[in-house]
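Work through the exercises below with the structure in view. Try each task before reading its solution.

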Amino acid sequence: MCGIMGYIGRKDGYPIVIDGLKKLEYRGYDSAGVAIMNGTLSLYKKQGKVNQLEQYVHTQKTNGNIALGHTRWATHGIPNDANAHPHRSQSGRIVMVHNGIIENYAALKSFLTTKGYSFQSDTDSEVLVQYIEWYQSTYQLKIGEAVRRALGDIEGSYAIVVLDSMNPESVIVAKQDNPLVLGLNEDEIYIASDANPISTYTQEVIFLQDGECAELFDDGTYHIYDLENENVIPEITTVKCCDENYSLEEYDSYMLKEIFQQPQSVEACISPRVDVLQNEILIPEIDNHKRIFSQAGKIIIVGCGTSWHAGLIGEYLIESLADISVEVEYASEFRYRSPIIRENDIVIAISQSGETADTLAALKLANEKGAFTYALVNTEGSTIARHSDVVSYLNVGVEIGVASTKAFTAQVSLLTMIALKIARIKGTIKYNEYKSIVPQLSDLPGLIAQTLKSNDLMLEVAMSHFEKDHALFLGRGPNFPVALEGALKLKEISYIHAEGYPAAEMKHGPIALIDENMPVFVIATNSSALSKMISNVQEIKSRKGQVIVFKEEGQEFPEEITDHMVSIPKTHELLSPILASIPLQLFAYHAAKLRGCNVDQPRNLAKSVTVE
Ligand code: M6R
């Protein structure tokens, strides 16, 4: 993972780099560092977050028209000052930041050791900067050529920025399988892992392609070439200015802000796709490819984490409405078996960030096999969006909290619309049913606002259970993935061990875990499964489990077998997973806060997982 920010031009680069790193902290936040060129090359790095780096640097001289910065998510080597980037070559001449993994670093390190090199860190990245120096000094190469030759020997993935103190008017950048964006202005160039931190300054960008290197000069000119040293004419793209509001407003965390934004974010996802007057769903990505969608052999959905959970709900929706067989795959597993993908299959890749390495790799495999690929992503211009045949954006704005909340409800909303749209094209849904569900989509934002009123109750539930070590989440049908998602939210931000299960599976094993210390969250908003869920709850209560039931308003549920009952506004059964997931987000948030956890930046995690 890791975030890279750089500047070369006429201004002071340091404040620009620090501002950009703060926007890139979603990619990792265990240590951070900067290198600044101001006649000499100054380097500062520190374990901890970007604001800790800022405090560490604040008494230092930071002016200089070239600056590189890095915010790290550790792969090789623990988070500490030495392993933080930038890394410096043995002579001190070359400095580099890296996002990715150098898979053959051990062999290169042994080679360099025989040549007299020693290492200050445990990272694979330091091996690369030393290797670049070895090329440069052994063959007396210019820095750009040394980088190009060194990269020819590299196995793995990288986005790098390299600074040579003997060439203080330029920097070298290169990328393979990790993103790097160049922002162009008249006499300056910005470098970043995504376009957001750049778009504050310029909207003209180049998304560097795999296998490309570039030399960027301090007068704003550049030269792009590939690893064979052939010149590349880049495509210049105009991105939207990221006018996102990064302020917390009245909230104590981005996660809480994003949970409470959901009426607006779901509205932003749904309303451009619903023609209220005609009562029709409009998805150009499907409307323009009707034949592909109506004749699809099967749909394969790939994603990771929360996006995978959304995919599981999508499977339920598409199979029941559109009568197409759907497989949902962990993107990380997909390409390591021999998945059967035929040319009339559709592969849907779901990703909030659009940068998840596993999902991208699965998508590339689907492209190679000739499937029609369809990305559902949030980040415009992201790599997954650019590698798909068609893309539908979630439109929910930047999601900053590591725990995905507003992206999940938008993903499920979008998948619901996709299922309905395909069903309409194929004629697998009765016209009256279609006409009755579509207006209910438009009612969702209001119902989400009502559901958020469960906040105080979820605080009360959290106060009863935040000291527990384990929790179970149960659901049936489309609420089973909601249970999985509730468990994931809880474990990733509160560090309470949690499991999600299909309710009926409980008796095949997990029931052994139930005692008076086990809270069990039962998502029972789907009335078709209500009587069976009541039986499951009886089984839990008979074993002294503590039961928190989520049911639909107006549904009868025996109070004597529950410890807490949470009512969710009534909606169409297919839409209820969207509402049911919200109190679970609130529970995870409150439990984590009560345990003193950092809900926005939980330990060991990063928002965007760009390594395998
Ligand atoms: O950006 P993506 O949707 O591809 O990310 C996938 C997962 O890494 C992500 O959903 C992760 O599980 C979240 N931390 C869950 O809250």
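Domain bounds here come from an automatic or database domain assignment. This is a predicted model: local features need pLDDT of at least 70, side-chain atom pairs count only at pLDDT 80 or more, and totals for chains, interfaces and linings use all residues. Residues are numbered from 1 along each chain as its sequence is written, and side-chain values use heavy atoms, with hydrogens and water left out.

**Exercise 1. Locate the domains of the chain and give the distance between their C-alpha centres.**

Start with the bounds. Domain 1 covers 3-238, and domain 2 covers 254-594. Next, take the C-alpha centres of the two domains: they lie 38 Å apart. Then count the residues in contact (heavy atoms within 4.5 Å). Domain 1 supplies eight residues and domain 2 supplies seven residues.

**Exercise 2. Describe the interface of domain 1 and domain 2.**

The size of an interface is often given as the accessible area lost when the parts come together. Buried area is that loss, found with a 1.4 Å probe and summed over both parts. For domain 1 and domain 2 it is about 640 Å², with 53% from carbon and sulfur atoms.

Now look for salt bridges (a side-chain nitrogen of Lys or Arg within 4 Å of a carboxyl oxygen of Asp or Glu). The rule finds two across this interface. Separately, check the pair Asp210 and Lys364: they form a salt bridge, with the closest N and O atoms 3.5 Å apart.

Methods: Buried area = accessible area lost by both parts, 1.4 Å probe.
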